[in-house]
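Here are some notes to read alongside the structure, written as numbered points. Please keep the sequence and the 3D view open while you go through them.

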Amino acid sequence: MQFKTLADVDVRGKRVVVREDLNVPMKAGRIADDTRLVAALETLRYLRDRGAKTIVVSHLGRPDGKVVPALSLRPVAEELHRRLGSTVAFAPDCVGPAAAEAVAALENGDVLVLENLRFHAEEEDNDPQFAQQLAALGDLYVNDAFGTAHRAHASTEGIARDLPAVAGFLMQKELEALGRLTNDPRHPFVCAIGGAKVKDKVGVFVALLERVDGFVVGGGMANTFLAARGVDVGSSLRDSDLEPAKHIIALADEKGVPIHLPTDAVVSTAFDADENATVVPIDAVDGRMILDIGPETAQAYALVLRGAQTIVFNGPMGVYEKAAYQSGTRTIGEAIAEATKAGADSVVGGGDAAAAAHALGFADAMTHVSTGGGATLEFLEGKTLPGVAALERAALGAGA
Ligand code: ADP
Ligand code: MG
């Protein structure tokens, strides 16, 4: 890869500004899911143990340039303290005197978390002066925030113009795992795709058409494709515009890439009427709502997945948050786990696909579970991620 990583630089005694993606979901002041925080620990432990003065910056939620106390990173700093088992200081602003004083107080091996970057509108505006203020806090910049790499913000892009810049271990791991899917993947390469955001995934679908040997499709995505093929999907979640799906079907036919669609489904009368959940053949939805792929479909998909050498899984097969509609996602997750055990390279991308993998217990059996949502999709689409481009530019320039 074209950028430098933490392993290429000496960090002892250096003030290191680390951009992490600590945008964890919060509920009533508590961290509801610590996946992203846990993913940041490797880089932070490394810096601490090597005697760096670590300055962690991140955003949390969407405060839109205003101070929103409920979106303070203070609880996140406290959780980092517990996880690292050493003191983690906190400064109530990411720039200005509060930040400067806290940085000046750091000894080698100390870790400091600065307040939410997005309390300043200049962060998302990628304001050069704001980027310089962040850069002035450190001697080295480490970008470990893969989940935010598709955004050109001051802390992900601008700052790399003002400091030597390298990738952290999470960023490196993500780019290596996702890079294997775009550079010479082993075949058969199968994509399991589902979820709700059909429109957002058209780009990734079209890009993957060039590389994969087949798709198995579930979720709202499958409903849209079924409708495009003339199947009556009743009141199921689907895109109203069927043209993108028709376009994809035509492209896939041209290339001879099979798009497997459900032959049966778990339907119900309403989203919240779990007691009415029942399995029907796909031509008997009869005005109801498809909420999971059916067992026959899940078995067929599992067979395809077990024969794959490379698998990407994006978007759950059904409403995995509810017990009544988990079974499709579980069956294909187990099949991917089996394939992985037999040597396949498997990558889970997408916030909900990753959450489902954790909730249903197959995350550890995957080669890689990506922490990125939009960033992962954009990478797979072949787009340049501004945060990664900034690291590449930095490596070509003066360097660290
Ligand atoms: P990801 O985050 O993995 O990219 P999405 O955000 O596109 O996935 O979609 C995830 C959501 O899709 C989940 O909340 C899930 O309940 C929902 N979903 C999956 N299948 C269906 C379906 N058949 N009908 C309605 N919602 C669905
Ligand atoms: Mg999602």
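1. A residue is called buried when its relative accessible area is under 20%, and exposed when that area is over 50%. Please bear in mind throughout that this is a predicted model, and that every value below was computed from it.

2. With that cut-off in hand, is Ile 336 buried or exposed? Its relative accessibility is 0%, so Ile 336 counts as buried. This residue belongs to helix α11, which covers residues 327-341. Leaving aside residues up to four places away in sequence, Ile 336 touches Leu 305, Ile 311, Phe 313, Ser 346 and Met 366.

3. On the overall division, the protein chain is split into domain 1, made of 6-174 + 387-396, and domain 2, made of 187-343. The C-alpha centres of domain 1 and domain 2 are 37 Å apart.

4. In which order do the strands of the six-stranded open sheet lie? Reading across the sheet, the order is β5-β6-β4-β1-β7-β8, and the pairing is parallel. The edges are formed by β5 (88-91) and β8 (165-167), each of which pairs on one side only. From one strand to the next, the twist averages 25°.

5. Strand β5 runs parallel to strand β6 (residues 111-114), and four bridges join the two. Within this pair, Ala 89 stands opposite Leu 112 in β6. Helix α2 (residues 74-84) lies across β5 and β6, and its direction makes an angle of about 170° with β5.

6. How are helix α7 and helix α8 placed relative to each other? Helix α7 (residues 198-209) packs against helix α8 (residues 219-228) at an angle of about 80°, and their axes are 10 Å apart. Because angles from 65 to 115 degrees count as roughly perpendicular, α7 is described as roughly perpendicular to α8. The residues that meet are Val 198, Lys 201 and Phe 205 on the α7 side, with Gly 220, Met 221, Thr 224 and Phe 225 on the α8 side. Sorted by class, this contact of α7 with α8 has four nonpolar, two polar and one charged residues.

7. Some backbone details deserve a careful look. As background, most residues other than glycine have a negative phi, and most peptide bonds are trans. The peptide bond from His 187 to Pro 188, however, is cis, with omega near 0°. Pro 188 is located in the loop between α6 (169-182) and β9 (189-193).

8. Asp 184 is also in the loop between α6 and β9, and although it is not a glycine, Asp 184 has a positive phi of about 55°. Its relative accessible area is 72%, which means that Asp 184 is exposed.

9. Is Asp 286 buried or exposed? With a relative accessibility of 63%, Asp 286 counts as exposed.

Conventions: Residues numbered from 1 in each chain as written. Chains lettered and ligands numbered in written order. Predicted model: local features only at pLDDT ≥ 70, side-chain atom pairs only at ≥ 80, totals over all residues. Heavy atoms only, no water. Axes fitted to C-alpha atoms, helices over the stretch in contact; angles between N-to-C directions. Parallel < 35°, antiparallel > 145°, perpendicular 65-115°, else oblique. Contact = heavy atoms within 4.5 Å. Nonpolar A, V, L, I, M, F, W, Y, C, P; charged D, E, K, R; others polar. Pairing = 2+ DSSP bridges. Domains from an automatic or database assignment. Buried < 20%, exposed > 50% of the residue type's maximum accessible area, 1.4 Å probe, protein only.
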